[in-house]
Amino acid sequence: MSDKHLRKVGTFFIFIFLTVFLLGCNSSPKAHQEVISPTPTIEKISTPNPSPTPTSSITAVPASIYSETEIVPTLYAEVEKTQQTLSTPTIEKISTPNPSPTLPISDKKLIVTFIDVGQGDAILIRTPEGLFTLIDGGEQGSGVVDYLRSQGVQNLDLIIATHPNSDHIGGLVDVLKNFPVSRVITNGEIHTTLVYENFLDAITKSKAVLIVVTRGDSIQIGSLTLEVLHPEHVIEGGLNENSIVLRLDYAGTSFLFPGDVSKDNEAEMISAGLPLKADILKVGHHGSDASTSAEFLSSVHPAVAIYSAGKGNSYGYPNSDTVNRIINSGAQIYGTDVNGTIKVEVDETGYSIQPEIKAIVALATLPTETPRVLEDITIDVISLTSPIHAGSTANLTIQTLPGATCSITVNLKSGASQAAGLGPQIADVSGKASWSWKIGAATTPGRWSILIRSVLNDKTATISIPFEVK
Amino acid sequence: MKTKAMIDRFEGDLAVLLVGEQQDRLEVNKSMLPIGAKEGDWLQVEVKDDRVFSATADPKGTADAKNRILDKLGILREGKHKND
């Protein structure tokens, strides 16, 4: 039995218990309070604990994410089904590799790194114990091996190939040839390219255990659990559509990694009632317009969305409509083509985003006309303290439609302001929304701008107004 | 000279081909491909200066690769590679 890696029925009962227990008290607040950060490149965001239970912060079974009791029978069926599949001799008990000795083991941090591999995906997870998991590896020769070495990785507990396209598995061949790997996880779907055959040959040589997963499976990595949300089963017709979709929870912060799945798959996951809500979303399919529907964004409701795409790639990724959907959802967006390698560090106090290059994805793709009105929602500025002296408090009041979700980005010389008080607001019954925030004493004087967005149902308006700091 | 190539994937109107033993990546417009070409299909292509001049279907190449790869995956799934 493979309970070491794939805990099924046992955890199910714990899950039932926790679900029943937590349903009564879990308010699951989403609002993240942004704290003023020392530099604009690092935002520290405190994550509210999803439940007030005094249990360990490492949620082995993220029970609180299953908010609908009626999905329980479905999940139970899935668990039983997988249990049968997994009792085959495919999975053996294997020893967990020792954590890499060069890294501190007790810092209790989870680090998720979106590696800049050009056009492709490669995500490195370092558990609080110092175990490494790699989700996809970019193309062959895209530099993932060098990056792992630079981070002191000596061996990998786990490699996950979300699906067999070369921009996801090519680099995994390099990794398998250069590092000891204990386990390799796939969805079991084959591809008939030589890159895929090289991938299988490299697993054979490495003697890693191959594990095939489907919806309902849990993958244990150290103290953490990766939940498999997709595919329910592999369907012929498109490799992207069968991508493994993973969920990871640690210390109240959650990640969703949807591979390259399409909008149809997203819709199916929503209707299946899966726990999609997550703080940090890996944007599907490199920001292609075929993924990341507005409905999916509304279900995931991410605070941060990170895509991986090559600078100047031939496919036009990320698609500007997708970027705008993400911005309109209220999420902060990062991309490896703009920000380079992006690290997310998670501990008990929340998470921080650390892009290698400080830059803003949003502005590159937003319309520059001022004002720009989309459809029939409007924004009028009622008052703004401008010009304003550095060190004083600025106020902005706008008029839009009642109930609209309004968000602002204050763009200074150093980039988007991270000051407290700039969070999204819901316009009141008269359609007014106001913000009040401190202009840092060290702010560079000049004529800067404020981007204002108002969203109601499917309607969006965006305007940019001048903002002068003296 | 003709070379073997496989269709790795489609991205919009482009097909991404993996060419030869080295699996060099080349992008071509879908319209260059034989009608009905799918992900994973093997082709015989004429390439000059990183440009594809012709592409014809190679169903035998596809079928042989599929059999070979299914065998290899079967061995891995059963864990037989650990016994060697």
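At the start of α8(A), which residue has a side-chain oxygen that reaches to the backbone nitrogen of Asp321(A)? The first point below takes up this question. The model under review is predicted.

1. **Helix α8 of chain A.** The residue in question is Asn319(A), whose side-chain oxygen comes to within 2.8 Å of the backbone nitrogen of Asp321(A) at the start of α8(A). The helix itself covers residues 320-328 of chain A, and its buried residues are Thr322(A), Val323(A), Arg325(A), Ile326(A) and Ile327(A). Just after α8(A), the backbone of Gly330(A) adopts a positive phi of about 95°.

2. **Val304 of chain A.** This residue belongs to strand β14 (residues 304-307) of chain A. Val304(A) has a relative accessible area of 1% and is therefore buried. Beyond its neighbours within four places in sequence, Val304(A) is in contact with several residues, including Asp279(A), Ile280(A), Leu281(A), Tyr351(A) and Ile353(A). Ala331(A), Gln332(A) and Tyr334(A) also belong to this list of contacts. The C-alpha atoms of Val304(A) and Ile326(A) lie 9.2 Å apart in space, while 22 residues separate the two in sequence. Ile326(A) is one of the buried residues of α8(A) described above.

3. **Strand β10 of chain A and its partners.** Is strand β10(A) largely enclosed or exposed? Of the 7 residues in this strand (residues 224-230), 7 are buried, so β10(A) is largely enclosed by the rest of the structure. Strand β9 (residues 218-221) of chain A runs antiparallel to β10(A), and 4 bridges join the two. Within this pairing, Ser218(A) has Glu227(A) of β10(A) as its bridge partner. The hairpin formed by β9(A) and β10(A) has 2 residues between the strands, and Gly222(A) there takes a positive phi near 60°. Strand β10(A) also pairs with β11(A) (residues 245-250), again in the antiparallel sense and over 4 bridges.

4. **Salt bridges within the chains.** Side chains of opposite charge can pair when their charged atoms come close. Over all chains, the structure contains 20 salt bridges. One of them joins the side chains of Lys109(A) and Glu345(A), at 2.8 Å from N to O. Lys109(A) lies in the loop between α2 (72-86) and β3 (110-114) of chain A, and Glu345(A) lies in strand β16 (residues 342-347) of that chain, so this pair ties together parts that are 236 residues apart in sequence. Lys109(A) is partly exposed at a relative accessible area of 26%, whereas Glu345(A) is buried at 14%.

5. **Two further pairs.** Arg215(A) and Glu232(A) form a salt bridge through their side chains, at 3.8 Å from N to O. The pair links distant parts of the chain, 17 residues apart: Arg215(A) is in the loop between β8 (209-212) and β9 of chain A, and Glu232(A) is in the loop between β10 and β11. Arg215(A) is buried, with a relative accessible area of 5%, while Glu232(A) is partly exposed at 30%. In chain B, Glu78(B) and Lys80(B) form a salt bridge whose closest N and O atoms are 2.8 Å apart. Both ends are partly exposed: Glu78(B) has 44% relative accessibility, and Lys80(B) has a relative accessible area of 43%.

6. **Extent of the interface.** How many residues does each chain bring to the contact? Chain A contributes 33 residues, and chain B contributes 33 residues. The area buried between the chains is about 2,900 Å², with carbon and sulfur atoms giving 54% of it. On the chain B side, Ile69(B), Leu76(B) and Arg77(B) lose the most area to chain A, together 21% of what that side buries.

7. In one salt bridge, the side chains of Arg9(B) and Asp167(A) meet at 3.6 Å from N to O. On the side of chain B that touches chain A, β1 (2-11), β2 (14-19), β3 (24-29) and α1 (59-77) of chain B each supply at least two residues. Helix α1(B) provides the largest share, 10 residues. By type, this side of chain B comprises 11 nonpolar, 6 polar and 16 charged residues.

Technical notes
Residues numbered from 1 in each chain as written. Chains lettered and ligands numbered in written order. Predicted model: local features only at pLDDT ≥ 70, side-chain atom pairs only at ≥ 80, totals over all residues. Heavy atoms only, no water. Buried < 20%, exposed > 50% of the residue type's maximum accessible area, 1.4 Å probe, protein only. Pairing = 2+ DSSP bridges. Contact = heavy atoms within 4.5 Å. Buried area = accessible area lost by both parts, 1.4 Å probe. Salt bridge = Lys/Arg side-chain N within 4 Å of Asp/Glu carboxyl O. Nonpolar A, V, L, I, M, F, W, Y, C, P; charged D, E, K, R; others polar. Polar contact = N/O pair within 3.5 Å; in protein donor to acceptor, adjacent residues only side chain to side chain.
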